[in-house]
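Me: I have a new structure to look at. Can you walk me through it?

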Amino acid sequence: MNDIHQEPTGTNQQGEVRGVVVHGSATGFAQEVVIGPHRMPADEPLSLGGTETGPSPYDFLLAALGACTSITLGMYARRRGWPLAEVTVNLRHSKIHASDCAECDTKEGMLDQIERDIHLAGPLTNEQQSKLLEIANKCPVHRTLTSGIVITTRVL
């Protein structure tokens, strides 16, 4: 897995090209994720036929949302001089019946559900905590996941 073809796929905040490449053998689930200088394993759990050599794709999705939430809340609190000391975000993914979802438009089939619990450490007022909860729903990854996403795929 050392000879990985990396195509630029986007830009970061500074306008620099930053891509993500995932490479693996078709004989199993284990993959290597390459993001700039970072290399991470990805796999499926043993219960799904993987070897559990790394986080699952849904684990990475939850990690992206959790990291973005924590980063956004810390940045917001720092800009306002609020006494936020730490942010901990716990996330869970599950599938639910659409008929069990009170706020969903459709009532048929299964839907993905992400539960996100945020713990804010520091002497924050109730008003500050409420505002940070509002801001959590505005982090860029949250907005991406709750908006329409267009994925263009091609075989090279």
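Me: Is Ala42 buried or exposed?
Reply: Ala42 is buried, because its relative accessibility is 8%. Buried means under 20% relative accessible area, exposed over 50% and partly exposed in between, with a 1.4 Å probe and protein chains only. A caution on the source: this is a predicted model, where local features need pLDDT of at least 70, side-chain atom pairs count only at pLDDT 80 or more, and totals for chains, interfaces and linings use all residues. Residues are numbered from 1 along each chain as its sequence is written, and side-chain values use heavy atoms, with hydrogens and water left out.

Me: Where does Ala42 lie?
Reply: Ala42 lies in strand E3, residues 38-42. Helices (H or I, at least four residues) and strands (E, at least two) are DSSP runs, numbered from the N terminus.

Me: And which residues is Ala42 in contact with?
Reply: Leaving aside neighbours within four places in sequence, Ala42 is in contact with Phe29, Ala30, Gln31, Val33, Thr53, Gly54, Pro55 and Phe60. Contact means heavy atoms within 4.5 Å. Gly24 is 18 residues from Ala42 in sequence, and their C-alpha atoms are 9.3 Å apart.

Me: Zooming out, how many helices and strands does the protein have?
Reply: Three helices and five strands. Along the sequence the pattern reads β-β-β-α-β-β-α-α. Of the 156 residues, 24% are buried.

Me: At what angle do H1 and H2 pack?
Reply: About 135 degrees, with the axes 9 Å apart. H1 covers residues 57-80 and H2 covers residues 126-136. Axes are lines fitted to C-alpha atoms, for helices over the stretch in contact, and angles run from 0 to 180 degrees between N-to-C directions.

Me: What do we call that arrangement?
Reply: H1 and H2 are oblique to each other. Angles under 35 degrees count as roughly parallel, over 145 as roughly antiparallel, 65 to 115 as roughly perpendicular and the rest as oblique.

Me: Which residues make the contact?
Reply: H1 brings Thr69, Thr72, Leu73 and Tyr76, while H2 brings Lys131, Leu132, Ile135 and Ala136. They divide into five nonpolar, two polar and one charged. Here Ala, Val, Leu, Ile, Met, Phe, Trp, Tyr, Cys and Pro count as nonpolar, Asp, Glu, Lys and Arg as charged, and the others, Gly among them, as polar.

Me: Which residues make up the largest nonpolar core?
Reply: Eleven residues: Leu73, Tyr76, Ala77, Leu84, Val87, Val89, Leu120, Leu124, Leu132, Ile135 and Ala136. H1, strand E4 (86-97) and H2 each give two or more residues to this core. A nonpolar core is a set of buried Ala, Val, Leu, Ile, Met, Phe, Trp, Tyr and Cys residues joined through side-chain atoms within 4.5 Å. In soluble globular proteins, nonpolar side chains tend to be buried together.

Me: New topic. Is Ala85 buried or exposed?
Reply: Ala85 is exposed, with a relative accessible area of 61%. Ala85 lies in the loop between H1 and E4. Not counting residues up to four places away in sequence, Ala85 touches Ala121 and Gly122.

Me: Last one. What is phi of Glu52?
Reply: Near 55 degrees, a positive value in a residue other than glycine. Most residues other than glycine have a negative phi. Glu52 lies in the loop between E3 and H1.
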